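Here's a quick tour of the model, starting with its cores and moving on to a few strands and a loop. Have the structure open as you read.

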Amino acid sequence: MRLSIERKPIRVNPDPKRVIARFFFNGNDRAKEVIQRVMEISEEIAFGIVSPLLQEYSKRHRNITRVLNRHCSKLKPLFLELNIDYDTLTVNRKLLIGSYFTHEYSIESAAFFNPSIVEDPDQTELEDGQRRVIISFRAVGEGHISSITFRRGLIDKDNTITIQPAGSYIDEAEIVRNAVYNKKLFFEKAAITQINIDVISELESKLDHHFEYASLRRIIIDSQRLQESDMKKLEYDKVLWLADSYYEIVFSLDTDISDRVIFPISEYERKGIEDARFVHFANDDDSKVYYATYTAYDGSLIMPKLLQTTDFYNFKIMPLYGAGAQNKNLALFPRKINGKFAMISRIDGCNNYIMYADKINIWEKPVLLQHPTFTWEFVQIGNCGSPIETKEGWLMITHGVGPMRRYVLGASLLKLDDPAVEIGRLKEPLLIPNSDEREGYVPNVLYSCGAIVHNEKLIIPYGVSDSSTAFAEVSLQELLDKLKEDGKS
């Protein structure tokens with residue numbers, strides 16, 4: 001018999017009104033023309049445009065004057081070329097110029113899906129049986145650019161789920177570039193991204209074993225000045241783009257979790273931050289940290305990356321290295337196993353692999369764990385988030401792709417002290433799209449990036465045809481019993 005799955009009467013839907021104010025730039029020549037036009041109007045006209053503009057957009061953005069000033073300051077090199085003293089510009093003229101180089105981007109306008117769920121760091125002032133959670137989503141806007149957004153939720157003693165309304169404003173984080181790079185690892189990643197080998201060799205010879213972003217940038221600028229070929233200059237830019245993949249971001253403390261969006265920052269993720277799988281990780285000293293693996297995409301190259309935070313205000317981000325850090329679908333176990341970090345991956349796009357590491361960002365020697373076995377997963381099998389520790393073993397929610405490219409959810413059980421051993425796998429899907437879930441941005445797709453256990457029930461948030469997020473629950477013990485039963489037959 002199939003397991004009894006309860007779909008919860010709640011949906012989280014995208015909101016196209018949730019917009020961020022982003023820098024808008026159409027090239028140096030057009031930008032200089034716009035600057036000159038604004039410089040030619042009188043101060044009175046400039047004030048007459050800026051004043052109502054600020055009144056209108058202050059209702060949509062937390063600090064629109066700060067945004068416009070920041071975007072104007074990005075143009076300082078062009079002011080220099082135009083022989084305009086930036087420091088002598090009036091406040092109104094800076095704001096007006098900034099407004100011409102700003103556009104609103106609706107982060108959830110196209111799609112909203114692939115949720116992950118973890119326990120909120122704040123569990124204060126709750127009643128017995130309640131649990132506060134943070135849910136991450138993959139939000140997609142114009143140009144199919146993906147970002148990570150959040151909502152806060154509450155699960156009560158009856159497993160009723162309440163999602164707090166999203167805030168009125170959305171904030172991007174401040175970017176901090178203070179990483180120290182390991183030369184060997186950095187240029188190994190550069191080789192994988194197919195950057196010109198001569199450029200790699202030249203820069204390697206000029207850098208110390210450990211180096212900082214500023215040092216690399218200075219050497220690259222000096223090297224580019226000696227190049228006449230635009231194609232060769234681009235290869236140097238690619239190295240800098242790779243360095244931009246290491247950064248920290250900091251959100252203001254006066255933002256709600258729903259106000260924070262992690263938007264693509266580096267060039268290697270300019271087409272999207274995809275399918276973040278958050279996990280509440282227990283360190284050897286019992287301290288806790290949150291990690292998330294995600295896929296950075298630049299339109300052609302996939303780069304697996306790791307995100308780290310303790311409070312969801314401050315995030316550290318870096319690429320992952322090694323033969324196992326390829327393709328999509330990386331999911332970290334929530335603690336070390338036999339003294340090593342452990343990860344599920346899908347390096348070939350079809351099968352699940354398992355791998356172990358001494359360092360959390362270097363993954364080698366992936367070992368085949370699962371291949372498609374049942375008809376509903378013949379196209380591919382992959383994980384749906386980090387495995388969950390239970391008394392019977394590691395519970396791993398999977399996805400399978402079958403006929404008509406239908407995505408369904410399955411489940412597997414792995415041995416606790418040796419998760420390379422599969423104890424059982426459901427012979428039938430755990431969850432399939434019903435008639436109300438088949439239509440959307442991508443039809444016939446159910447997908448999750450992480451589940452949670454609460455009050456002896458497994459709660460699975462899942463994307464509904466890439467258009468919204470729903471929730472389902474199943475008895476944890478019944479699921480474990482079924483996995484062991486299917487594993488024996």
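## Nonpolar cores

The largest nonpolar core holds 61 residues, and those with the most contacts inside it are Phe150, Phe186, Leu216, Ile262, Phe278, Leu307 and Phe312. A nonpolar core here is a set of buried Ala, Val, Leu, Ile, Met, Phe, Trp, Tyr and Cys residues joined through side-chain atoms within 4.5 Å; buried means under 20% relative accessible area, exposed over 50%, partly exposed in between (1.4 Å probe, protein chains only). Strand β14 (residues 288–297) gives this core its largest share, six residues. Helices (H or I, at least four residues) and strands (E, at least two) are DSSP runs, numbered from the N terminus.

There's also a second, separate core of 24 residues, with Leu431, Leu446, Val464 and Leu479 among them.

## About the model

This is a predicted model: local features need pLDDT of at least 70, side-chain atom pairs count only at pLDDT 80 or more, and totals for chains, interfaces and linings use all residues. Residues are numbered from 1 along each chain as its sequence is written, and side-chain values use heavy atoms, with hydrogens and water left out.

Tyr353 sits opposite Ser345 and has Leu368 as its bridge partner in β20.

## A loop residue

Ile41 lies in the loop between α1 (28–40) and α2 (43–57), and is partly exposed at 25% relative accessible area.

Conventions. Pairing = 2+ DSSP bridges.
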